[in-house]
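Visitor: I should like to go through this assembly chain by chain and then interface by interface. Please show the sequence and the structure first.

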Amino acid sequence: MSGTLNLVIGLAMGLNLIALGSSRLPMLIRAMSVQGVLLGVMPLLMESERLDWRIVLVALATMAGKGVLIPGLLRRAMRAANIEREIEPFIGFVPSLLLGALGTITAVALARALPLLPEHAGTLLVPGSLAAILTGFILLIGRTKAISQVCGYLILENGIYLFGLVLIHSTPLLVESGILLDVTVGVFIIGIIVDRIQRAFDSLDTRKLTTLRE
Amino acid sequence: MTLILHLILRLALWLLLAPLLPGIINKVKAWVAGRRGPPVLQLYYDLAKLWKKSVVLSQLASPGFVIGPAVGWVALVGAALLMPLGPAGSALSFRGDVLLLIYLLALARFCTAWAAMETGSAFEGMGAAREVSYAVLAEAAIIAAVLSLIVHTGSVSLITMLAPSPGAGAALLAAGLFTVLLAENCRVPFDDPNTHLELTMIHEAMVLDHSGPPLAVILHGASVKLLLFAVLLVQAVLPIGEMTPPAAAGALAAGVLLVTISVGLVESLLARLAFRRVPLLLTTAFLLCVFALLVAWKGDAT
Amino acid sequence: MTVGLLLLCACLALGTSLVLGYRRPRVWLTWTVAGAVLGLVAALRVLLGGDPWEWQSGFLLGGEAVHLRLDGISAVFLLLVAVGGGTGAVYSHEYWSDRRNPSSAPRGRAWWSALLLCMGLVLTASNGLHFLIAWELFAICGYFLITLDRERSGVRAAGWLYLAASHAGTMGLFAFFTLWASLTGSWDLCPMRTHPELAPLFWLALFGFGVKAGFFPLHIWLPSAHANAPSHVSAIMSGVAIKMGLYGIVRFSGWLPIPPAAGWVVLGLGATSALLGIAFAFAQNDFKRLLAYCSVENIGIIMIGVGVALLAVTHGDAPWGRLALAGALLHVWNHGAFKSLLFFGAGSVLHATGTREMSRLGGLVRNMPWTAGLFALGAMAVAGLPPLNGFVSEWLIYLGLFEVVTGKGTTAWIALPAAIMLAMAGALALASFAKAGALIFLGAARTEPATQAHECGYWMRGPMLALACVCVVMGLAPIIFWPALACAVSSWCPAWAAGTPPAPLATLGSAQLTLALVVLAAATALWWKSAANGLRRGLTWDCGYAAPTARMQYTSASFADIAVGWFRWALQPERKAHRPHGDFPAKAIRLERTPEMVLEHILTPVGDLIMRASATVRRLQQGRLQFYILYVLAALVGIGLLVLVGRTP
């Protein structure tokens with residue numbers, strides 16, 4: 001069981017790196033959405049012995065939300081705001097890729113040192129979540145366009161979701177659905193803000209926002 | 001006596017089979033594009049014709065211009081002889097032979113670059129600069145792949161290193177080595193062997209001035225190198241050493257064919273990368289090999 | 001003759017050359033070469049006989065009895081001194097002759113003999129006090145040799161930098177030897193593995209000797225000194241003198257108890273130094289600076305070997321340490337041989353054209369075939385390509401690293417990145433030397449002096465041929481050097497004394513020999529076939545452009561541009577570009593320079609800061625007597641207060 005789970009988490013980690021290395025927005029959004037679908041599959045895999053209608057529901061909601069709804073919104077925003085597809089990196093692609101890989105390796109090594117329950121020690125859940133959080137941060141720091149930063153934020157949220165899965169027995173999945181809802185609302189708001197920024201500055205380059213500091 | 005016979009057979013196998021690969025790739029490309037394409041044996045005809053042609057030397061070239069290709073060819077064939085061939089084993093095997101193989105490839109690279117610089121052409125300088133620079137990343141990827149095999153098998157000689165199945169990291173290793181194969185053999189998306197624009201070439205730009213027998217030697221060496229990487233990839237990924245000899249031979253042949261067809265498909269379906277993206281792809285290949293290494297490490301530790 | 005007698009004769013011969021050779025170059029050459037040969041024989045006797053030679057005087061010198069010792073390790077380095085010193089002396093006979101440099105050549109001869117003598121003393125001294133004296137004399141000889149051509153301001157600046165850096169290192173060594181003496185109660189140097197209180201001294205030795213060895217980031221003096229010195233001096237400084245620093249590290253890491261972190265630090269420093277050193281080399285436009293940075297790389301490679309050996313010692317004398325240490329010591333010889341060869345080649349080019357800028361040269365292979373061929377051989381050796389010697393030692397070091405990895409201990413976490421960095425350094429070395437060789441010797445001559453170049457004479461060609469032979473022989477028959485290496489390794493760590501080679505050196509040697517023979521045959525065959533088919537000469541195919549000029553060729557900066565971009569974070573290259581504009585563009589410029597990053601971006605700013613801080617103190621210097629009397633009074637009062645406060649319990 002944990003073999004399949006680890007494989008899925010490994011794939012999600014690979015998608016982190018693809019997100020870091022991709023130079024075009026659609027690719028970045030696609031990596032993020034595939035990662036969302038993988039994340040949606042995970043609770044089903046973990047709880048395959050005692051499937052509950054609530055778990056199935058949340059899994060489906062996650063897949064729909066992270067895999068279809070949010071990427072769809074982003075793509076629409078991209079089209080609506082006429083954003084160029086090329087990403088302008090603030091930290092270059094190769095350095096961010098290397099940083100991400102280093103972060104992943106460190107996360108795996110670090111998770112061994114953490115006092116985890118024995119059933120979690122064998123899986124990659126915790127390192128996977130750490131790696132996704134780190135990837136999100138690198139994207140947030142290292143990309144200049146608002147939309148790629150949104151993607152970074154979502155990958156960061158994926159990491160938090162992964163961490164939540166560790167607690168799948170003790171926390172009701174309601175919390176998770178709450179987060180999901182928050183994020184969807186957040187993306188809506190960001191979509192509106194993106195549109196406003198685009199109108200106000202004629203560009204989505206967040207560097208231009210520095211003029212607002214006073 | 002049998003030893004010499006064995007060696008001659010092995011050499012003949014490498015030398016005669018190698019030019020088949022570019023032919024298959026071209027056939028696959030033609031098939032995807034809906035053309036008939038050149039015959040599979042086209043490179044053999046080309047080589048035979050080039051071997052008989054006279055040579056035009058640049059006025060600036062010294063004898064190194066002809067010696068370079070010869071040394072490069074010997075280095076590539078020597079590297080091929082070190083590579084074990086499934087059930088047939090290897091012609092010479094010792095601890096650390098994998099390093100000799102890697103450095104023989106480096107020797108071939110040095111000689112090609114040296115011969116290219118002989119002519120004083122800016123295009124050839126450009127090609128040589130690209131070749132030696134991208135090789136830095138490719139070399140890192142290859143050594144990471146080798147280290148992952150070493151970690152997995154605990155052995156430092158090719159024949160035992162390539163025998164068992166590489167475990168969980170096989171897919172990562174395969175992807176990494178395949179990318180290195182494309183880069184080292186100057187295939188799409190790193191370089192386009194059919195391009196006609198010198199500014200965008202890597203390997204082809206280095207051999208612009210060669211003609212006649214030296215060009216034949218270069219082309220043949222390049223095909224040996226392609227076969228070498230294909231064999232390495234297949235043996236690193238498949239558990240050749242755990243099969244019966246006929247099955248192993250079959251698997252090896254089928255694997256090499258599959259790799260060749262994949263190269264052809266990649267070439268038909270992908271466009272050449274912009275040069276500033278090449279380091280990114282090579283870094284990805286390196287990281288794939290590094291993760292294969294870590295998987296091998298973790299898989300064996302538990 | 002016994003070893004002692006041989007060494008005495010060598011010493012006397014060098015002394016004679018020092019005294020008699022000032023005005024008579026031929027006499028000097030004879031005696032110096034005789035001294036080198038005697039030293040060589042002495043080193044070989046120790047290495048092949050296996051017994052260390054020791055001698056203690058009955059008299060006192062500076063309050064201490066003279067204690068000399070020549071064991072396996074010092075013999076390895078003495079052999080290098082003898083070979084480098086002898087070939088360099090022959091080379092300088094033509095290169096820095098009385099005719100060309102009437103004022104500095106006699107001085108150069110004297111300092112050369114003195115340098116060889118001092119290096120011999122450093123290697124044999126077994127008393128801390130005498131070691132320090134010999135070390136200091138050796139450093140000063142180096143300074144005077146570097147500044148032989150002291151009319152040029154660049155040379156003087158390089159000399160000062162060398163002297164300052166060298167003394168910073170010596171400061172560390174003063175601390176090291178005095179602490180050693182105070183902790184052990186004697187200046188005598190001998191194995192102290194069982195005294196754990198000495199372990200922290202290792203770091204002092206690493207710093208003090210490291211400055212001389214020139215690994216990253218202590219290499220600041222090395223590029224400018226090696227680039228500005230006369231080429232025979234560069235050869236001995238780069239091939240031999242920086243190895244004295246390594247000698248110190250190897251020697252005292254064999255005698256001191258090793259702190260647990262030592263192997264990790266040395267291995268990490270070595271790997272960093274290998275990769276960054278060669279990245280800097282690749283970015284250089286001046287071929288002697290390129291060679292100098294390449295020395296930083298090779299020192300790094302040697303340090304990787306030493307680091308693995310140290311790791312092995314802290315992990316219960318694991319057998320892989322023996323492999324890596326043997327590789328490191330072999331690389332000491334190899335680097336000495338091919339780096340001297342390359343610097344001699346560079347000297348011939350400089351001699352013939354008068355410029356060190358690669359982008360002003362080109363096409364020299366037509367006028368200087370010998371130099372070009374030998375430089376190409378050296379370039380292949382330094383890039384670690386089979387079948388030459390550089391590959392053999394790198395192969396041993398790689399094997400040591402691989403064995404660490406197969407052990408799967410925590411040590412593998414440093415060995416894995418080190419192996420990957422070593423591989424990248426190897427590929428960059430290949431790129432650097434493809435660039436250097438090709439830009440200097442191939443293509444068309446880019447400037448007037450390059451067209452007028454002339455081949456060097458026999459006195460310069462001879463030593464280059466000899467060193468090239470050394471490179472080839474060590475590559476094709478590494479097994480014959482094994483007994484000497486085994487002796488040195490066992491004197492570093494007696495537990496590794498077993499006789500058989502730890503790696504299939506003989507198989508590797510036969511493979512390399514076969515390769516060399518087949519290469520020769522194939523090259524001849526292809527040349528013959530091409531000639532038989534008919535050779536025509538034509539214009540270079542430049543995409544059909546019919547009037548190519550020499551200035552269209554790729555230059556040093558353009559060749560290195562791709563890889564330098566990857567290392568921009570470390571190299572900090574400076575670019576000055578003025579692009580052409582308009583339909584009739586006026587002047588366009590593009591300049592690239594890679595400065596010495598550690599010096600210009602770290603040390604100089606820090607130095608400026610200190611200078612500014614000191615400038616505020618200088619305000620106290622008023623020049624008026626009254627103020628000075630005030631200071632005296634203030635000082636007296638201060639001391640008085642100190643005494644008062646200090647007395648109260």
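Visitor: Which pattern does chain A follow when read along the sequence?

Guide: The model is predicted: local features need pLDDT of at least 70, side-chain atom pairs count only at pLDDT 80 or more, and totals for chains, interfaces and linings use all residues. Residues are numbered from 1 along each chain as its sequence is written, chains are lettered from A and ligands numbered from 1 in the order in which they are written, and side-chain values use heavy atoms, with hydrogens and water left out. Helices (H or I, at least four residues) and strands (E, at least two) are DSSP runs, numbered from the N terminus. Chain A has eight helices and zero strands, and its pattern reads α-α-α-α-α-α-α-α.

Visitor: What percentage of the residues in chain A is buried?

Guide: Buried means under 20% relative accessible area, exposed over 50%, and partly exposed in between (1.4 Å probe, protein chains only). Of the 214 residues in chain A, the buried share is 49%.

Visitor: Among contacts in chain A between residues at least 6 apart in sequence, what percentage joins residues at least 24 apart?

Guide: Contact means heavy atoms within 4.5 Å. Among the contacts in chain A that link residues at least 6 apart in sequence, the share joining residues at least 24 apart is 76%.

Visitor: Which chains have the most contacts among the two pairs that touch?

Guide: Chain A and chain C do not touch, their nearest C-alpha atoms being 9 Å apart. Chain A does meet chain B, in a contact that takes 13 residues from chain A and ten residues from chain B. Between chain C and chain B, 74 residues of chain C are in contact with 73 residues of chain B. The pair with the most contacts is chains B and C.

Visitor: Which element gives the largest share of the side of chain A that touches chain B?

Guide: Buried area is the accessible area (1.4 Å probe) that two parts lose on being put together, summed over both; between chain A and chain B it is about 1000 Å², with carbon and sulfur atoms giving 76%. On the chain A side, A:Leu97, A:Ile105 and A:Arg112 lose the most area to chain B, together 38% of what that side buries. Helix H1 (2-21) and helix H4 (93-113) of chain A are the elements that give two or more residues to this side. The largest share, nine residues, comes from H4(A).

Visitor: How many salt bridges are found across the interface of chain C and chain B, and which residues form a salt bridge?

Guide: A salt bridge is a side-chain nitrogen of Lys or Arg within 4 Å of a carboxyl oxygen of Asp or Glu. Between chain A and chain B the count is zero. Across the interface of chain C and chain B the rule finds one salt bridge; with closest N and O atoms 2.8 Å apart, it joins C:Glu403 and B:Arg95.

Visitor: Which element gives the most residues to the side of chain C that touches chain B?

Guide: The area buried between chain C and chain B is about 6700 Å², and carbon and sulfur atoms give 76% of it. The elements giving two or more residues to the chain C side include helix H14 (389-407), helix H15 (412-441) and strand S3 (535-538). With 17 residues, the element that gives the most is H15(C).

Visitor: Is C:Val313 buried or exposed?

Guide: C:Val313 lies in helix H11 (residues 287-314) of chain C. Leaving aside neighbours within four places in sequence, C:Val313 is in contact with C:Arg193, C:Ile258, C:Trp492 and C:Trp496. At 18% relative accessibility, C:Val313 counts as buried.

Visitor: Which backbone oxygen does the side chain of C:Ser490 reach?

Guide: C:Ser490 is in helix H18 (residues 482-492) of chain C and counts as partly exposed at 22% relative accessibility. Not counting residues up to four places away in sequence, C:Ser490 touches C:Trp496 and C:Ala497. At 2.9 Å, its side chain reaches the backbone oxygen of C:Cys487.

Visitor: How many residues of H23(C) are buried?

Guide: Helix H23 (residues 625-647) of chain C has 23 residues, and at 1.5 Å a residue it should span 33 Å, which agrees with its end C-alpha atoms being 33 Å apart. The expected span is 1.5 Å times one less than the number of residues. H23(C) lies largely in the open, because the number of its residues that are buried is zero.

Terms used
Polar contact = N/O pair within 3.5 Å; in protein donor to acceptor, adjacent residues only side chain to side chain.
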